[in-house]
Amino acid sequence: MFADHTIIFSLFLIFAGAALVATLALFARQALIIGYIVVGVVLGPWGLSLVSDTELIANIAQVGIIFLLFLLGLNLTPQKLVALLRQTLVVTCLTAIVLGAVGWLIAKLFGFSTLESVLVGVAVMFSSTIIGIKLLPTTALHHRHTGEVIISVLLLQDLIAIAVMLALQGIASNAVGAMQIASLVLALPLLIAIAFFLERYVLLRLFQWFDQVEEYVFLLTLAWCLGIAQLASFMGLSHEIGAFIGGIIVATSPIALFIAERLKPLRDFFLVLFFFALGASLNLEIVSHVVLPATVLAVVMLGLKPLVYRYALGSVSESPRLAWETGWRLGQMSEFSLLITFLALRSLPVGEPVVYMIQFATMLTFVGSSSIVVLNFPTPVAATERLRRH
């Protein structure tokens, strides 16, 4: 009976449900992100099926991830990575080797193929940029060393994830010839060069001329994000890669903080949509067969990641307190893990069970890690007034 109002009714259900569950989450002193995922599971095709249009959910997820990756790139200043490159590289390599090996071993123990186990190992190497930055107080940590270390590690991980996605995209498009591989490899630096030129000589000047008109700043920013995403698509890359590059290019300019402040409501809007779509896309029939390996993987990662980061950061002379806090804040799997696994499903001979196992494990780590951080560390949505920092 809602056929004529599919989008409006679906959006009503998503945001009304998210508001209700978020209220309960706040009373229960849990992270709001958990509520958004729960609403997706309950209302989606595999729950009550009130939002049953899988194409609509897929479109919501794609638009959401495009804007979220743009906003993530906008918050990841490359200058911080350069300043901390040596120790960030050491930490990222050490943690990737240990976590990847453990993920591979767990998958093998549960009978997944060698290729599927490698996919699991790759998926657990990354931490969530969305959760890491969302739960990082801007005024309390961003301009201190803890925030710089966290952002630098996340940026390097995201660049590695983009490289993995690029490789999978090449496989998916059957780019096996020398010319096709060369064009794909050259497309990324060419995209970066074009975006840098346009940002420096067009976008920045337009902002300088009309920065007093907030509506114009908002529209121009959205046009930039979607424009670079579409340019990436024309060049054979994905919209998501283009959006992330567009955000990072703008992050290098003086207008980055100005834009980020004005896009916070948009960020929160798409956070709800992204995590709702994540929950709604969870196929409960397949998940029921991989609950045990997914739960084991999630529990091991939640316990192991803080420990690995503690010793990796300690090896580059960071203080134990900073190392522990960084480890707990980076203790989850990543949204890039989800993108990589779905790309792998289209391009590699892997089965749906391993993809849904990784997806379910990622969601469990989102819930567990968010709860730990909200209850124990300063965040904008902390469980107590003592820890609440904006």
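This report describes a few helices, contacts and surface features of one predicted protein model.

The model is predicted, and local features are given only where pLDDT is at least 70, side-chain atom pairs only at pLDDT 80 or more, while totals for chains, interfaces and linings use all residues. Residues are numbered from 1 along each chain as its sequence is written, and side-chain values use heavy atoms, with hydrogens and water left out.

**Helix H14**

Helices here are DSSP runs of H or I with at least four residues, and they are numbered from the N terminus. H14 is mostly covered, since 12 of its 17 residues are buried, where buried means under 20% relative accessible area, exposed means over 50%, and partly exposed lies in between, with a 1.4 Å probe and protein chains only. Among the buried residues of H14 are Leu-266, Phe-270, Phe-275 and Ala-280.

**Aromatic pairs**

Rings of Phe, Tyr and Trp (its six-membered ring) form a pair if their centres lie within 6.5 Å; planes under 30 degrees apart count as stacked, over 60 as edge-to-face, and the rest as tilted. By this rule the count comes to 5 aromatic pairs. One of them is the stacked pair of Phe-15 and Phe-269, with 5.2 Å centre to centre and 15° between the planes. This pair links distant parts of the chain, with Phe-15 in helix H1 (residues 6-27) and Phe-269 in helix H14, 254 residues apart. The rings of Phe-275 and Phe-366 have their centres 5.7 Å apart and their planes at 80°, so that pair is edge-to-face. Phe-275 in helix H14 and Phe-366 in helix H18 (residues 352-376) are 91 residues apart, and this pair also links distant parts of the chain.

| Residue | Relative accessibility | Class |
|---|---|---|
| Phe-15 | 27% | partly exposed |
| Phe-269 | 35% | partly exposed |
| Phe-275 | 0% | buried |
| Phe-366 | 0% | buried |

**A salt bridge and a charge over a ring**

A salt bridge is a side-chain nitrogen of Lys or Arg within 4 Å of a carboxyl oxygen of Asp or Glu, and a search of the whole structure finds 1. It joins Glu-325 and Arg-329, whose closest N and O atoms are 3.0 Å apart. These residues are 4 apart in helix H16 (residues 320-329), and therefore separated by about one helical turn. Glu-325 counts as buried at 13% relative accessibility, and Arg-329 counts as buried at 3%.

A charge sits over a ring if NZ of Lys or CZ of Arg is within 6 Å of the ring centre and within 35 degrees of the ring normal; Arg-310 lies over the face of Tyr-311 in this way, at 5.2 Å from the ring centre.

**A glycine contact**

Gly-73 lies in helix H3 (residues 54-75) and is buried, with a relative accessible area of 0%. Gly-73 and Gly-247 are 174 residues apart in sequence, yet 4.1 Å apart in space, C-alpha to C-alpha.

Conventions:
Helix = DSSP H or I, 4+ residues; strand = E, 2+ residues; numbered from the N terminus.
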